[in-house]
Structure formats: structure tokens, C-alpha cells
Amino acid sequence: MKLAQRLFYYLGGFAIGLILLFFFLGGKKASCDYSPSARVLKNIRIKERVFSDEALSNMQAYQIDTAVISSLLIDGSVDFSKSNTKLDSCRTYFIEGLVNKKNISMLIENCDSIAKVNALKIIR
């Protein structure tokens, strides 16, 4: 068998495999959250969010709503040097990001069933 025929059969099988892969995995909401920051943000996003009084007053002062917080949990990044991840019960994470041309940082306490936003600031 010539090299051209081998290449043709290989690429044909590869294309059929890709089509089957897209067919089986196309409708599923599969995500690739492999980095530590992405895993933490996804874990916080799926939990019920509770806001402290300080965070609520800062949200009102800066005119920030929960949609901004949700987008920060999608596009933000976790600063592990400012976070306390060695706790057993509720770990605290420092999350910062740019939303609506505002640099927002927040401190979130991530427990088993809830995620509590303890502090929220706009960095100038």
C-alpha cells in the first residue's frame, strides 16, 4: 500500500472519529476547568451567595449589582497569595477582575454549601 493511500485511510478514520466525538459530546455542557483559579471560581459560582453588611453597603455605594458579581466570578482571577486556603472549614479567596471598566476586588469565604462575600472594593 502506498503512502498516499495510508494517509487517505488515516485521515478518513480521523475525520469519522471527530464527527462521532462532536455528535456525542456536542449537546453536553462539558467544561475544561483545569487551572486552580478556574476550579475555585466554578465552585463558588455553583453555590448560594450570601453578602455581608459591609459588602452590601459597598455595593450600594459603588452602584454594583449581583450581575456584576456573577460576571466577576466568570472572568475574574483568584490571587492565592492573598487568600487563606489552609483552613479546613471555610477557605477565604481574594478575587479581582475588571468589570465595566472598574477594577473590583472581593474577599469570599467559601464554605460547604454557601459562599459569603465578606468584602468588596473598587481599586482605583
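Start at L7, which sits in helix α1 (residues 3-25). Helices here are DSSP runs of H or I with at least four residues, strands are runs of E with at least two, and both are numbered from the N terminus. The model is predicted: local features need pLDDT of at least 70, side-chain atom pairs count only at pLDDT 80 or more, and totals for chains, interfaces and linings use all residues. Residues are numbered from 1 along each chain as its sequence is written, and side-chain values use heavy atoms, with hydrogens and water left out.

**Stop 1**

Colour L7 by accessibility. L7 is partly exposed, at 48% relative accessibility. The classes are buried under 20% relative accessible area, exposed over 50%, and partly exposed in between, with a 1.4 Å probe and protein chains only.

**Stop 2: the ring pair in α1**

Select Y10 and F14. Both belong to helix α1, 4 residues apart, about one turn of the helix. The structure has 3 aromatic pairs. In the Y10 and F14 pair, the ring centres are 6.2 Å apart and the planes meet at 20°, so this pair is stacked. The test takes rings of Phe, Tyr and Trp (its six-membered ring) with centres within 6.5 Å; planes under 30 degrees apart are stacked, over 60 edge-to-face, and the rest tilted. Y10 is exposed at 54% relative accessibility. F14 is partly exposed at 46%.

**Stop 3: the whole chain**

Zoom out. The protein chain has 4 helices and 5 strands. Along the sequence they run α-α-β-α-α-β-β-β-β. The radius of gyration is 22 Å, well over the 14 Å that the globule rule gives for 124 residues, so the chain is more spread out than a compact globule. That radius is taken over C-alpha atoms, and the rule is 2.2 Å times the number of residues to the power 0.38. The C-alpha trace spans about 75 × 35 × 25 Å along its principal axes. Of the 124 residues, 31% count as buried.

**Stop 4: the sheet**

Show the strands. They form an open sheet of 5 strands in the order β1-β5-β4-β3-β2, with mixed pairing. The edge strands, β1 (48-51) and β2 (77-84), each pair on one side only. Strands pair if DSSP finds at least two bridges between them. Neighbouring strands are turned by 35° against each other on average, direction ignored. Axes are lines fitted to C-alpha atoms, for helices over the stretch in contact; angles run from 0 to 180 degrees between N-to-C directions.

Pick β2 and β3 (residues 91-99). They pair in the antiparallel sense over 4 bridges.

Next, helix α2 (residues 36-45). It packs on the sheet, touching β1, β2, β3, β4 (102-110) and β5 (114-123), and its direction makes about 90° with that of β2. Helix α4 (residues 66-75) also packs on the sheet, touching β1, β2, β3, β4 and β5, at about 100° to the direction of β3. Contact means heavy atoms within 4.5 Å.

**Stop 5: the salt bridge**

Finish on K82 and D79. Their side chains meet in a salt bridge, 3.9 Å from N to O. The structure holds 1 salt bridge, defined as a side-chain nitrogen of Lys or Arg within 4 Å of a carboxyl oxygen of Asp or Glu. K82 is exposed at 52%, whereas D79 is buried at 18%.
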